[in-house]
Amino acid sequence: MKWFDYAAPRSVSEAAGLLASHPGARLLAGGTDLLVQLRAGRKETDYVVDLKRIPELNAIDYDPQRGLTLGAAVPCYRIYGDSAVSRNYPALAEVAALIGGTQIQGRAWKWFSKTARSAPRA
Ligand SMILES: Cc1cc2nc3c(=O)[nH]c(=O)nc-3n(C[C@H](O)[C@H](O)[C@H](O)COP(=O)(O)OP(=O)(O)OC[C@H]3O[C@@H](n4cnc5c(N)ncnc54)[C@H](O)[C@@H]3O)c2cc1C
């Protein structure tokens, strides 16, 4: 795998600043797709911005009026382990529990990264 620099910002504004100053940067949520693709040479970058330490991207919050707020870096195990998600969005909880095995579920989904990659799987 090609060498790259790594940054783990603690806020959205810090992440946005890093992306602005590193145009070829790649976002990393769980890394279960990105690192595989970098290792295989299907993607390249010299800068990776890890989103896991940004609190709002790790938030799950359910409000009966507003519905579900799901951060872009929330891993599968937290989605299917959340009682409000299981009660109000059982299909979402079921899908999150289907992806990979326990280790992958501990790092991946990351809701946005799934849609960003548009992988037509579970
Ligand atoms: C062993 C194994 C088993 C797997 N099993 C399954 C399976 O059963 N079903 C399935 O569907 N998939 C499976 N996958 C694929 C992978 O785990 C999923 O696609 C997972 O959803 C990727 O999530 P991630 O958080 O690790 O994404 P990452 O690898 O971190 O990111 C994926 C892409 O999204 C981009 N990205 C991440 N966050 C953002 C953001 N906030 N904004 C914009 N772009 C962003 C990244 O730059 C990257 O291009 C498996 C992978 C492995 C290694």
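1. Let's begin with the order of the parts. Starting at the N terminus, the elements of the protein chain follow the pattern β-α-β-α-β-β-β-α-α-α-α-α. That comes to seven helices and five strands. Please keep in mind as you look around that this is a predicted model.

2. Next, the open sheet. Three strands form it in the order β1-β3-β2, and their pairing is parallel. β1 (5-7) and β2 stand at its edges with a single partner strand each, so one side of each has no neighbour in the sheet. From one strand to the next, the twist averages 25°.

3. You can follow one of these pairings by residue. Three bridges link β1 and β3 in the parallel sense. For a spot to look at, tyrosine 6 stands opposite valine 48 in β3.

4. Strand β4 (residues 60-63) and strand β5 (residues 67-70) run antiparallel and are joined by four bridges. A hairpin of three residues connects β4 to β5.

5. The largest nonpolar core holds 20 residues, and Leu28, Ala29, Val49, Leu51, Ala73 and Ile79 have the most contacts inside it. At least two residues of this core come from each of β2 (26-28), β3 (47-50), α3 (76-80) and α5 (90-98). The element that gives the most is α3, with three residues.

6. Two figures describe the chain as a whole. Of the 122 residues in the protein chain, 25% are buried. Among contacts with a separation of 6 or more, 51% are between residues 24 or more positions apart.

7. Finally, a residue worth a visit: leucine 92, which sits in helix α5. Leaving aside residues up to four places away in sequence, leucine 92 touches Ile79 and Val85. Ile79 has already come up as one of the core residues with the most contacts. Tyrosine 80 is 12 residues from leucine 92 in sequence, and their C-alpha atoms are 7.6 Å apart in space.

Conventions: Residues are numbered from 1 along each chain as its sequence is written. This is a predicted model: local features need pLDDT of at least 70, side-chain atom pairs count only at pLDDT 80 or more; totals for chains, interfaces and linings use all residues. A residue is buried if 20 or more other C-beta atoms lie within 10 Å of its own, exposed if 12 or fewer, and partly exposed in between; C-beta atoms are placed from the backbone. Two residues are in contact if their C-beta atoms, placed from the backbone, lie within 7 Å. A nonpolar core is a set of buried Ala, Val, Leu, Ile, Met, Phe, Trp, Tyr and Cys residues joined through C-beta atoms within 7 Å. Two strands pair if DSSP finds at least two bridges between them. Axes are lines fitted to C-alpha atoms, for helices over the stretch in contact, and angles run from 0 to 180 degrees between N-to-C directions.
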